[in-house]
Amino acid sequence: MGSVSSTRTRYWGTQRVARACQVTPATVASWIDQGMLKGHKTPTGRRRVEADDLAAFLREHDMSVPRELEFGNGTDTVVVVEDDPGYLRALVLTIENSALDVELVEATNGVDGLLEIGRVQPSLIVLDYTLPDLNATQVLQRLLEPGRKLDAEIIVVTGGMPQTATAQLKDMGVKVIVNKSEGMPAVVDAMRQALQRRKVA
């Protein structure tokens, strides 16, 4: 058993809570909206619940607490930084419907992305190359500032970028660059492989 640091907050989306509690996502949403279950909304309007709050809620209502909640094991956190709301929504849905068991944290610009990455210490960062404030290279420059440790895998998603940027990103340790034209499954596939690499490492 690897040791699990308990300082990291894990967030569950309504889909995942619904699966664990064997209710519909709509039921989970209404629990949150009625204040029965503590949760918050992300910038993209998606509801998120902290794992600890969920466990407390389940105990309170004599519902069984799923094992993964008790142990906080094996779930990787992924920060997705993407400013196109349509693309972000579609990507998140694709990920949620895939077999990947990950916590998703979304950000819609580079600065928010940096804050979220600092807060949740993700296993994987999926970074859009062109963001309204910073591009992927600038985000990574800030992440790799001296004294800051980054052990996350990084996937850069792009609709196209200059050749020089590709070389720069590779220099910074980005192993995978996925073109948006390859479709959502290509991104999810790259994520699966990146998380696999981490487990092996």
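Here is a short chat about the predicted model shown above.

Colleague: Quick overview before I dig in: how many helices and strands are in the protein chain?
Modeller: Nine helices and eight strands. Keep in mind that this is a predicted model.

Colleague: And what share of the 201 residues is buried?
Modeller: Buried residues make up 46% of them. The accessible surface of the chain is about 10300 Å², with 49% of that belonging to carbon and sulfur atoms.

Colleague: What about contacts between residues 24 or more positions apart?
Modeller: Those account for 63% of the contacts with a separation of 6 or more.

Colleague: OK, on to the sheet. What's the strand order in the open sheet of five?
Modeller: Going across, E5-E4-E6-E7-E8, with parallel pairing. From one strand to the next, the twist averages 20 degrees.

Colleague: Which strands stand at the edges?
Modeller: Strand E5 (102-107) and strand E8 (176-179). Each has a single partner strand, so one side of each has no neighbour in the sheet.

Colleague: How many bridges hold E7 and E8 in their pairing?
Modeller: Four, in the parallel sense, with E7 covering residues 153-158. If you want a spot to look at, Val157 stands opposite Val178 in E8.

Colleague: Changing topic: Glu116. Where is that residue found?
Modeller: In helix H6, which spans residues 110-120.

Colleague: What does the Glu116 side chain have a polar contact with?
Modeller: The side chain of Arg119, at 2.5 Å. Leaving out residues up to four places away in sequence, Glu116 also touches Val79, Val105, Glu106, Ala107 and Gln121.

Colleague: Now helix H1. Which of its residues are buried?
Modeller: Thr14, Arg16, Val17, Ala18 and Cys21. The helix itself runs over residues 14-21.

Colleague: Why does Ala18 count as buried?
Modeller: Because its relative accessible area is 4%, and the cut-off is under 20%.

Colleague: And which residues is Ala18 in contact with, beyond those within four places in sequence?
Modeller: Val23, Thr24, Pro25 and Val28. As for Ala29, eleven residues along the chain from Ala18, the two C-alpha atoms are separated by 9.2 Å.

Definitions and conventions. Residues numbered from 1 in each chain as written. Predicted model: local features only at pLDDT ≥ 70, side-chain atom pairs only at ≥ 80, totals over all residues. Heavy atoms only, no water. Helix = DSSP H or I, 4+ residues; strand = E, 2+ residues; numbered from the N terminus. Polar contact = N/O pair within 3.5 Å; in protein donor to acceptor, adjacent residues only side chain to side chain. Contact = heavy atoms within 4.5 Å. Pairing = 2+ DSSP bridges. Axes fitted to C-alpha atoms, helices over the stretch in contact; angles between N-to-C directions. Buried < 20%, exposed > 50% of the residue type's maximum accessible area, 1.4 Å probe, protein only. Areas by Shrake-Rupley, 256 points an atom, 1.4 Å probe, with all protein chains shown as cover.
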